[in-house]
Amino acid sequence: MRIVIPVVVFLIGLPLAASAFKQGPYPNVTGGFGEQSCHLCHLDNPVNAPGGSVTLDGVPRAYTPAQKYIITVTIQREGLRRGGFEIAARFTTGKLKGKQAGAWRPLDAREQLIPGAVDKALTFVQHNLSGSRVPSTGANRWTIEWTAPSPAAGPVQFNVAANASNNDDSPLGDYIYLKSARSAPQR
């Protein structure tokens, strides 16, 4: 009985905990800068498994300080019924290594900003409940605005983690994809 009760509580709580991620994951799960990714919970399939992908479009090779850029995150996988993401932009070198680089602005009601779990000065962009709903099975996409840092304090790394979910209210059967991109200050 001492074993059965905790197991039952766990099994009942699992769908409730998993459904919370439809509204967005914890902060700091982009897989960048030594942090965990969504694979922390959705762990039964390998990261970046064949048959799916995450793309990160609009990241400039070289950024102009204070310039606004449109960044698009796309997750694709056959059978994807819900999709989520989290992205961060941080400096890669010097005194600011790992610190927030630039500013984010959601462009529609499908995205939200959240502060970092430890460093509240970090800002993550992620899906919300409506943003996890896919327009058609197989893909989901989010577009956000990033304003480059001013002054230009060094190279910036973008880390994104995305979840191709089967929408069964559990962390099982989902696929996590990670991607990173770098942008240097324009010379």
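The model is predicted, so local features are reported only at pLDDT of at least 70 and side-chain atom pairs only at pLDDT 80 or more, whereas totals for chains, interfaces and linings use all residues. Residues are numbered from 1 along each chain as its sequence is written, and side-chain values use heavy atoms, with hydrogens and water left out.

The secondary structure consists of two helices and ten strands; these are DSSP runs numbered from the N terminus, with helices (H or I) of at least four residues and strands (E) of at least two. Along the sequence the elements follow the pattern α-β-β-β-β-β-β-β-α-β-β-β. Of the 187 residues, 43% are buried, where buried means under 20% relative accessible area, exposed over 50% and partly exposed in between (1.4 Å probe, protein chains only). Contacts are defined by heavy atoms within 4.5 Å. Among contacts between residues at least 6 apart in sequence, 71% join residues at least 24 apart.

An open sheet of four strands has the order S1-S3-S8-S5, with antiparallel pairing; two strands pair if DSSP finds at least two bridges between them. Because S1 and S5 (103-106) stand at the edges with a single partner strand each, one side of each is left without a neighbour in the sheet. The twist averages 25° from one strand to the next, based on axes fitted to C-alpha atoms (for helices over the stretch in contact) and on angles from 0 to 180 degrees between N-to-C directions. S1 and S3 are joined in the antiparallel sense by six bridges. Ser53 stands opposite Gln76 in S3, and Thr55 has Thr74 in S3 as its bridge partner. S3 and S8 also run antiparallel, with nine bridges between them; here Ile71 stands opposite Ile144 in S8. Seven of the ten residues of S3 are buried.

A nonpolar core is a set of buried Ala, Val, Leu, Ile, Met, Phe, Trp, Tyr and Cys residues joined through side-chain atoms within 4.5 Å. The largest such core holds 28 residues, of which Ile71, Phe85, Ile87, Trp104 and Trp146 touch the most other members. Strands S1 (52-57), S3 (68-77), S4 (82-91), S8 (139-147) and S9 (156-165) each supply at least two residues of this core, and S9 gives the largest share, five residues. Beyond four places in sequence, the residues touched by Trp104 include Ile71, Ile87, Leu113, Val125, Trp146 and Phe158.

Five aromatic pairs are found in the whole structure; rings of Phe, Tyr and Trp (its six-membered ring) pair if their centres lie within 6.5 Å, and planes under 30 degrees apart count as stacked, over 60 as edge-to-face and the rest as tilted. The rings of Tyr63 and Trp146 have centres 5.9 Å apart and planes at 85°, so this pair is edge-to-face. Tyr63 lies in strand S2 (residues 62-63) and Trp146 in strand S8, 83 residues apart. Tyr63 is buried at 0% relative accessible area, and Trp146 is likewise buried at 0%. Ring pairs link Tyr63, Tyr69, Trp104, Trp146 and Phe158 into a cluster.
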